[in-house]
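Colleague: Thanks for making time for this one! Could you walk me through the model, one question at a time?

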Amino acid sequence: MKRYLALILTVVLVCVLFLSGCSKKDKNMANTEEKDKIKIGIALSFKGSSTLAPVITKLTKDFAEKYQTWDKIDASLPNKKIEIFVSGGGSGAGVKSVIDGLSNFGMVSRPVSDKEKAKIKDYKEYKLGTDALTIAVNPQNEIYKVKDSISSEELRKIFSGEYKYWDELDSRLPHEEIVLVTRDIGGGAHKVFQKKVMGDVKVSENVIQAPSMGALVAKIIENKNAIGYASFGVVNQNKGKIIPLKVDGVEPTKENIISGKYKISRPLLIITDGEIDELEKILIDYMTSDEGMKVVEKMGFVPAR
């Protein structure tokens, strides 16, 4: 009887180990297949910056609608429907997706650090344009009438929480609480703002952290006492609903962003690991063409050329 029970237990154990091994094998095969699917161009994918995502969505949609299938671009290419997927998550997620090999391209709206580049075997980047972080307020806020420019020092006092009411910035303004809106503190936009404006001064813990640049702008539009750093492109898409201020006397215009006079600027990048294949190159060439640059400009950003 004991031998019989031992035999049954042994058989059960072997089955469990076998099934567990199959499960792990299937999972590994699924991950490999996902990466291979991306690699061979059955479906191209972009992940990352929420600022850049709408631009890439527009560009890829136009591209897919124009050609429909790859062979319509070149008869030697496969007769397969052009499928391109775009998802947000932030610049950091874009970099990580390239490091992990889970997307063809990462979308990044800030400089890529040397530490990040070191994790990518053969780092390559393609610049689509330039964005700037404008210091923006609600049109009902009287600040732009009282003073059309705000200094970096004043911004540090506002965003650190040292100034809590608008009349602390200027006595002509009402005694109403300043509502601070930022992107998530770990995101690319905030890293640019921290480096170029705040320096070593920490941002207040009482800020509203918006999950996307669109959400940040929406908060300013709905609250007359709000102030935040809004993307130049998104501000241009919401003209009249939000007012960008001069910073240190410099207006955030296309010319000042290109010249570098307006200091709170950032690149709009597409990054990848290694040389791009034929299908990827066709898409990148389209994005960086005159046609692609017109889309970048139309969506409110400064095109790369």
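Colleague: Gladly starting with a helix pair: at what angle do helix H6 and helix H8 pack?

Modeller: Keep in mind that this is a predicted model. Helix H6 covers residues 152-159 and helix H8 covers residues 188-198, and their axes lie 10 Å apart. H6 is oblique to H8, and the packing angle is about 125°.

Colleague: Which residues of H8 do the H6 residues meet?

Modeller: On the H6 side, the contact uses Ser152, Leu155, Arg156 and Phe159. By class, the contact holds five nonpolar, one polar and one charged residues. The partners in H8 are Phe193, Val197 and Met198.

Colleague: Now to another pair: are H2 and H12 roughly parallel or roughly perpendicular to each other?

Modeller: Helix H2 (residues 53-67) and helix H12 (residues 278-287) have axes that come within 10 Å. Those axes cross at roughly 115°, and angles of 65 to 115 degrees count as roughly perpendicular. H2 passes H12 in a right-handed crossing. Therefore the two helices are roughly perpendicular.

Colleague: And how many residues of the contact of H2 with H12 are nonpolar?

Modeller: From H2 come Ile56, Leu59, Thr60, Asp62 and Phe63, which meet Ile282, Leu283, Tyr286 and Met287 in H12. One residue of this contact is polar and one is charged. The number of nonpolar residues is seven.

Colleague: Helix H9 next, please: over what arc do its buried residues lie?

Modeller: H9 runs over residues 213-222, and its buried residues are Met213, Leu216, Val217 and Ile220. They sit on the same side of H9, because around the axis they cover an arc of only 95°.

Colleague: Is Thr134 buried or exposed?

Modeller: Thr134 belongs to strand E4, which spans residues 123-137. Leaving out residues up to four places away in sequence, Thr134 touches Gly228, Tyr229, Ala230, Phe232, Val235, Pro244, Pro252 and Tyr262. Its relative accessible area is 1%, and the cut-off for burial is under 20%, so Thr134 is buried.

Colleague: What is the relative accessible area of Glu125, which is found in strand E4 too?

Modeller: Glu125 touches Leu269, Ile270 and Ile271, not counting residues up to four places away in sequence. The C-alpha atoms of Glu125 and Val112, 13 residues apart along the chain, are separated by 9.4 Å. Glu125 is partly exposed, and its relative accessible area is 38%.

Colleague: A backbone question: what is phi of Gln68?

Modeller: Most residues other than glycine have a negative phi. Gln68 sits in the loop between H2 and strand E2 (84-87) and is partly exposed, at a relative accessible area of 42%. Its phi is positive, near 65°.

Colleague: In which loop does Asp248 lie?

Modeller: Asp248 has a positive phi as well, near 55°. The residue is partly exposed, with a relative accessible area of 41%. Its loop is the one between strand E9 (243-247) and helix H11 (254-259).

Colleague: Last one, on the whole chain: what share of its residues count as buried?

Modeller: The chain has 13 helices and eleven strands. Among contacts between residues at least 6 apart in sequence, 72% join residues at least 24 apart. Of the 305 residues, the share that count as buried is 46%.

Technical notes. Residues numbered from 1 in each chain as written. Predicted model: local features only at pLDDT ≥ 70, side-chain atom pairs only at ≥ 80, totals over all residues. Heavy atoms only, no water. Buried < 20%, exposed > 50% of the residue type's maximum accessible area, 1.4 Å probe, protein only. Helix = DSSP H or I, 4+ residues; strand = E, 2+ residues; numbered from the N terminus. Arc of directions from axis to C-beta. Axes fitted to C-alpha atoms, helices over the stretch in contact; angles between N-to-C directions. Parallel < 35°, antiparallel > 145°, perpendicular 65-115°, else oblique. Left-handed = near helix turned anticlockwise from the far one by under 90°. Contact = heavy atoms within 4.5 Å. Nonpolar A, V, L, I, M, F, W, Y, C, P; charged D, E, K, R; others polar.
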